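Trainee: I would like to learn how to read the contacts and cavities of a protein assembly. Could you take me through one, feature by feature?

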Amino acid sequence: MTDIKGQVDALPGTDPRAPLLQINDLHVEFHTRDGVAKAVNGASFWLNPGETLAILGESGCGKSVTAQAIMGILETPPAHITQGEVRYRGVDLLKLPEAQRRKVRANRIAMIFQDALSALNPVYSVGFQLAELFRVHRGMSRGDARKRAVELLDQVRIPGAKSRVHDYPHQFSGGMRQRVMIAMALALDPEVLIADEPTTALDVTVQAQIMGLLAELRRERNMGLVLITHDMGVVADVADRISVMYAGRVVEEAPVYDIYARPGHPYTRALLESIPRLDLKGQQLSVIQGLPPALTDIPAGCAFHPRCRYAKDPCRQDPAPPAYSIAPHRTARCHFFREVLGE
Amino acid sequence: MFRYIVRRLLQMILTFFGATFVVFALMFANQDDPIQALAGEKPVSDNVRAVLTERYHLDESFPVQYWYYMKGLLTGDLGRSMAGRDIGEMLSGAWPVTLKLSALAIVVAALIAITAGVWSAIRRGGFFDNSTLLMTLLLLAVPIVVLAPVAQLVFAMELRWFPATTTARAGLYDLLLPAVVLACSVMATQLRVTRTSVVENLRADYVRTARAKGLTPRRVTWVHVLRNSLIPVITLIGVDLGMLMSGAIIVEEVFNIPGVGFNLARGIRAEDGPLVVGFVSVLVVVFLVVNLVVDLLYAALDPRIRYE
Amino acid sequence: MSDVVLQTRSLVKHFKSRDGAVRAVDGVDLQLRRGETLGVVGESGCGKSTLAKLLVGLEKPTSGAIAVRGQDMVRLKGGDLRRARRNIQMVMQDPYTSLNPRMTVGDIIGEPFEIHSDVVPKGKRRQAVQDLLDTVGLNPDHAGRYPHQFSGGQRQRIGIARALALKPEILVCDEPVSALDVSIQAQVINLLERLQDDFGLSYIFIAHDLSVVRHIADRVAVMYLGKIVEQGHDVAIYDQPTHPYTQALISAVPVPDPRLRGRRDQIVLEGDVPSPADPPSGCRFRTRCWKSQHVCGEQEPVLQIRERSPHPSACHFAEVRRVR
Amino acid sequence: MSDTRSRSLAGDAWTDLRHNKIFWASGVLVALILLMAVVPSLFTSADPAVCTLANQNQGPSSTAWFGYDFQGCDVFARTVYGTRDSLEVGLLSTLLAGVLGLIVGMAAGWFGGVVDAVLSRLTDIMLGVPLLLAAVVFSGRLSSPFEDGVFAVTLTLGLLTWTAAARVMRSAVITAKSQDYVAAARMLGAGPARLVFRHVLPNSIASFIVVITILLGTNIAAEATLSYLGAGLGGDAISWGLQIAEARNYARIAASPLVWPSVFLAVTVLAFIMLGDAIRDAFDPKLR
Amino acid sequence: MLGKRPWKMAAGLAAISLLIAGCGGGDSDGESANSNTVVIGLSEPSDLLPSNVTDVNGTTILSSLFYPLLEFNARKEPVEAAAQSITPDKSNRIWTIKLKPGFTFHNGEPVTSQNYIDAWNYGAYGPNAQTGSNFYARIAGYDDLNPEDPDKEGPQKAPTPTTNKMSGLKAIDDLTLQVTLSAPFSSFKTVLAYSVFYPLPKAAFASDGVIVEGFAESIIGNGPFKMVGKWVHDDKVVVEKVANFKGKVPKIDGVTWKIYQDELTEYADLVTGSLDVQTSIPIEALSSAPADLGERFQRSENSGFDALGFPVYDTTWSNPNVRKAISMAINRDEIAEQIFLGSRSAAHAFVSPVVAGYRENSCGEACQYNPNKAKELYQAGKGPSEIKITYNVDGGHKAWVDATCGQITASLGVTCVGNPVGKFADLQAMARAHEPIGIFRLSWSMDYPLMENYLGPLYSSKGSSNFSGFASAKFDQLLKQGSAASTPAAAIKKWQDAEDILVQQMPFIPLRFSNNVYGYSEKVTNVEIDLFMKVNLYEIETIA
């Protein structure tokens, strides 16, 4: 497989010592009828080879938009990347011309989506959709590409790959479809895989299968994995580090063990507490009051302050809290992280 | 699948009889004096009148006339027109050119509508989009009675790009001008539907996937989006094809094409019951077959659709 | 007897399809007592949504009986049925599609009053609607807004308010929180629990999220391919599951604690759920079961208390296994 | 702000429309056209029926803005007065087609099964009936009590053009009736009437409105086609269609009698289509 | 599997239908290539069997295929063509026709007197329902072939005739034919020029009185041209010159009769050079025709006559002065000039100027535009305050009817509207049923150049086209006397007397006489169009 990789030209300016993926102060806006929606407001994180970074957050926190911005597949307009960098091995992808950018996709950075049924084109066979990658990026013949497609389906443990390659997405079960998605993402042997809620639409037993498969493939290939999810359970199982996003910002970043043991941001803390737990049965669940802010109208200061029990005056005023370094490899954007940690 | 087709064919037979009945009834209601209609403004002698009345059962009641017609039809005899011509022959003379004309018109319309529709969907809100919107609305508002002679005047008589008239044996190029005129009548809606459908599909998740695969925008649009967007367009094209075949009356007259529309118009004006019913019945059958083909095409375009 | 508000007996629903009958629900017996929450868990395609529709009368059962406070819902007709139906209402899964986008929230919540005009006199309906909004924690002033102006959690509250309008005793909640974010999910669950206390409601709580069910349910029924495979009190099911499917299901639930990583007893099932149109003979789980033996294909295990299963379990080899 | 006042979809739509520029533009245009139809004498003092061959094909002047046609009639006056019959035919036939399409489409979509099959086949049959035939039949049978033929032409167009609307309605109803909120209402005990009129209809009407407004345009234009085919309006009727059908013959000598009614027709169609779009959007709360 | 790949089937079906549509594409008409042939436009004839042809299209095509017994010269006098001589006896009842020798049909059969008798008997035989059968009605024995239906259009069938031979026809020898009329008719010779009096070859008959199936599709005539191939319906009839033709020899080698549905379309082809002769340019194109065609745009007179008829059975219109008032309210010249652009001329007589006996302005003051007098007369006669003019929409009459109404309104101060009906048959049916039809339009073009051919059908009480209900015993009698007169001149005198009755009664008001307005391509020259709107095929030439 590495021989195929050799066919892709190295990007100019590649720095082998730089992190695999580094996002700096990314800002994305959407121009809508209701005004400018600030979907991402300065997201920053990095990823090393072989590492699993979980981006955790609720819907509308900007995690999917961030992922799409990294991939360069945001629909512009309405979306506009107003600021920031997306560095892959030190190269700022945002500054690359579109043609080169396109070569990065699938070759270097690949992505899988939440709902495999709608993410796969319903009118083409999965074989076609897999083979397409080899034909477009590798210029393979139809037959060779088809062969590779079968191999890929085999690799993601789809039984009877040879015959199923002719089937259409709707003829697969949810789990199998997600396997196809994974096969598609891994086809060109990328170094970074972004998985956007890969198991949310699946049943728990299938979810376990898929997460297992992903972990295995990541290990095999020493890929960097960005796992976007809202499920604290899944994260606890697979992530090395966690970035928690709220209203377009990374509010806390920490190694997985630390964050579950002692969350450093009130939002992370509240999220953890709102999961139903055995020892709290019969009691009310701890809830985060109110709603996430509308992206067109993000509160001044810390965006979380209207829902935060620690909020005091400084939280309500700009500028937003900086990323306080609260421990080695840990940051939190909360003025009162000590109180949060200390409780 | 097979059972589905058989069921559709059976329904087709029922529809066919329904259509003959409705049209026959309409023709009967319209029957004043077909014999005089045949003779134009010249007088018809009583004797001729009596003989023709008897020959075409004109003095019979509606059920009897219908019965005579159906009897003939079921034995494969489409009867004779009032002018004494064999209707079967007339049909086989008129159909090919009309089929050719409407197929060409549909191809022209679909090509333009789909290309422009996709384009304006991609650039929605842009200049191209807005100007096509205006153009299509204008096309919608200008009736074909205006469009056809004006096109003939400009492109045939002034510019001499196309022949002014064609015949039953016309080649594709000869038919191009009338086909374009005909296409204008259906292009507008097809374009709108294509545009809407493409816009919808552009938002679909699989487009995101395709782009994440590093495909060029062109490939994303014309390979991935287009096929998904074509389904509602195909339905429309099916309906349009039927309408074009019967609706070609004016175009056929202006460009002197002795096709179905022309024969229908003549038959209707001449109160020629058997002629009109014959043509309409075949029209309905063709229409239904086209619909069936369209439905099967669905399945071709969208593997999720299966017929039972 | 008077304690039981809802009971089903051998409830069966088959759908006709190209490939024969799809056995969506295939002989389900349930009992729900007053003030109790019965959780129904199972994976997609197991028939739990069909079960919900049967219970509220959106589908007619192929056979079997549904008794609400002793009245057979299947046999009732006309006005009696309409009145009896008031007693059992449903909260639907998808708060986006279950509200008519072209009606205001006030109209949506007030609609039950218009249908059952005897419940609240005309003049008081507006007040009643506002009370309901208040009850579910929404601003009564927002009655004139449209569903799309609300967030998912708020919409689910609207759905709950609508279901409560007729003051039912039983609420069938079909995946009421699965479309919601964690923080919102907690709010809705809390609301449901509060309403249960306030109005003495009984819940059938259908979900695929086992943690949520565990939190809210008093008793749990596990469904697989149209049948209940195990049933019992929550503790019994979660801590002492005896059916292999239940065990696999529970073990697959991720635990939000990285310290347990790699230390849990995780059973990863192979393959997919078979088609309900052509379920396996005997025990329906046998195709994916590690305990499967010859008898499983021959004989269908009955849901009953067994030697090694202190609560009803439909497995010939039922045995307690702690999976976490 | 307090919006406790009980509101209706229509009321809200109106509130929304009041702020919609396109609605106002098209609305004013439509109002103007309607006014022209009702009181044409407001717009021109000339009598459209008085035609003097001496004025034949004269160009525009201060008395006759659009000049005179082949018959020596004032083109502007005739175009203004033609509004009435054109609109009458267009609106009434579209109304008829709309009602028929709505009923057939709803019935087919809602009941499904045999009803659907029968109605769908009926739609097929109607698509096969040539417009000219129906026009000839109706104009022959119905024009005597209504001399100008408006009734006959309206009936013809109405009876033959409902099919598209019915098809659209049918599929919209099929989509709408399987929605969760319909199930929710059914669960509450709502009867079929409520389900149909309160839930299914409002949610399936959007594409129907679009089809209908387009149909209005094509029907006004179709009147011209019928006039050309000799089954259109007659008697002392003045309509754009008649004007166009006549003037197209003399287009090479004098274009004005052809151009102006066509322009009026196009503007009218445009106005109604835009109005339809605006109304459809207003009745979709999501777009507000 | 059928079910698995439905799209293959669909694609196949689509491909097939496209193939059907696409193939068989276009052979272009090579007729107007450099050969010595011309392309002349006309409409689809209803038939080509001579006895069943009464329309101008059919007769035009037949004129190339057949050689008539006689034709008319430039002075409208009959001149023998296929006949050597046509002579009546003293009583004008028995006519002897001698044929020129040596003529053959296109299939080689010699033309004999029996060929004429067979053809005429076939045409006259009632059950054959030939539209031209009326033309044989003067021949003795015609009634035997057409027994009267006892209840007209009632349920009973007309009795089958006992014979299919007219007693008045007798072949004296191969080249001599004797025709006995049922009543004397001094102008019978003129009638014989009409196309129904063409002969038919033996090959036309399958058996006695039965025409071979499909004969009309490939007619065998005795004329200067013969058919090439079959009649291609709605498309064309191609004829080519007969070698060694015994009669007058045309200068061209052949004609393609190209069939058009619409005259404007035909004109488009004329302008673009795809057509050589258009015999009748539609009014819509007249204003641009001089510019389009220059010298090649021509006019000549023809026999057409337009009139308005009154339903005299309707009391509203029973007063002749009111009818006269309407007539005087119309400015015929203005309409002829401005609406018809000179393709018509104002009519001030009841018969066309092309027939012998025509008197200019025989109508007198009644046909002169005089709005004041008209109004006076109208008011005195208490004419209706609302007038409608019924016309058929399929004939392009709207323009002049509207203009006429405009003039009537202006002159009389009454409301006048056009009342369109679908086709002429509808108008006729309404008139027959005495429905309130109002004033109605009428046109006539002659079959043979006699005053009688105008007066008889239109105004006599039993006239085939007399829809007005006008009946004057004196008029009928004068007409009859004219026909029976011993010489054509005497006949004309009687007919003129009859015309004078019309002037007094005005059951119809003459409006216009029509002219041929024709054009031709740069390829041809010497184009003449005769009274019957036919191209003179013997004169027309191509330019090399």
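**Interfaces, chains and cavities**

Mentor: Let us start with one pair: B:Arg85 and E:Glu44 join their side chains in a salt bridge, 3.4 Å from N to O. A salt bridge here is a side-chain nitrogen of Lys or Arg within 4 Å of a carboxyl oxygen of Asp or Glu. Before we go on, note that this is a predicted model, where local features need pLDDT of at least 70 and side-chain atom pairs count only at pLDDT 80 or more, while totals for chains, interfaces and linings use all residues. Residues are numbered from 1 along each chain as its sequence is written, chains are lettered from A and ligands numbered from 1 in the order in which they are written, and side-chain values use heavy atoms, with hydrogens and water left out.

Trainee: How many salt bridges does the rule find across the interface of chain B and chain E, and how many residue pairs in polar contact?

Mentor: A polar contact is a pair of N or O atoms within 3.5 Å; within protein, one must be able to donate a hydrogen and the other to accept it, and residues adjacent in sequence count only if both atoms are side-chain atoms. Between chain B and chain E there are 4 salt bridges and 11 residue pairs in polar contact, both residues at pLDDT 80 or more. Helices (H or I, at least four residues) and strands (E, at least two) are DSSP runs, numbered from the N terminus. On the side of chain B that touches chain E, the elements that supply at least two residues each include α1 (2-30), α3 (46-55), α5 (87-122) and α13 (273-301). The most comes from α3(B), with 9 residues.

Trainee: What classes of residue make up the side of chain B that touches chain E?

Mentor: For the classes, Ala, Val, Leu, Ile, Met, Phe, Trp, Tyr, Cys and Pro count as nonpolar, Asp, Glu, Lys and Arg as charged, and the others, Gly among them, as polar. That side of chain B has 27 nonpolar, 10 polar and 18 charged residues.

Trainee: Which chains share the most contacts?

Mentor: Contact means heavy atoms within 4.5 Å. Among the 8 pairs of chains in contact, chains B and E share the most, with 55 residues of chain B meeting 65 residues of chain E. Buried area is the accessible area (1.4 Å probe) that two parts lose on being put together, summed over both. For chains B and E it is about 4,900 Å², and carbon and sulfur atoms give 55% of that. Chain A and chain E, in turn, have no contact, and their closest C-alpha atoms lie 11 Å apart. Chain C and chain E do not touch either, with 13 Å between their nearest C-alpha atoms.

Trainee: How many residues does the contact take from chain A and from chain B?

Mentor: It takes 26 residues from chain A and 21 residues from chain B. The area buried between these two chains is about 2,300 Å², 55% of it from carbon and sulfur atoms. A:Arg102, A:Val123 and A:Glu132 lose the most area on the chain A side, together 23% of what that side buries. There are 2 salt bridges between chain A and chain B, and A:Glu132 also meets B:Arg219 in a salt bridge (2.6 Å, N to O). The count of residue pairs in polar contact, both at pLDDT 80 or more, is 14.

Trainee: How far apart in helix α6 of chain A are A:Asp144 and A:Lys147?

Mentor: These two form a salt bridge, with their closest N and O atoms 3.9 Å apart. They are separated by about one helical turn, because they are 3 residues apart in helix α6 (residues 142-155) of chain A. Over all chains, a search of the whole structure finds 68 salt bridges.

Trainee: How many helices and strands does chain D have?

Mentor: Chain D has 11 helices and 0 strands. Its C-alpha atoms fill a box of roughly 75 × 50 × 30 Å along the principal axes.

Trainee: And the cavities: which residues lie nearest the centre of the largest cavity?

Mentor: On a 1 Å grid over the protein atoms alone, a cavity is a set of points where a 1.4 Å probe fits but cannot get out; lining residues have an atom within 4 Å of a point. Grid points are joined across faces, edges and corners, and a volume is the space filled by probe spheres set on the points. The count comes to 9 cavities of 30 Å³ or more, and the largest cavity holds about 260 Å³ of space. Of its 19 lining residues, B:Pro149, B:Leu153, D:Arg248, D:Arg252 and E:Leu264 lie nearest the centre. α7 (144-158) of chain B, with α6 (263-272) and α7 (283-286) of chain E, are the elements that give two or more residues to this lining. α7(B) gives the most, with 5 residues. By class, the lining has 11 nonpolar, 4 polar and 4 charged residues.

Key. On a 1 Å grid over the protein atoms alone, a cavity is a set of points where a 1.4 Å probe fits but cannot get out, and a pocket is an open set with protein on both sides within 12 Å along at least five of seven lines; lining residues have an atom within 4 Å of a point.
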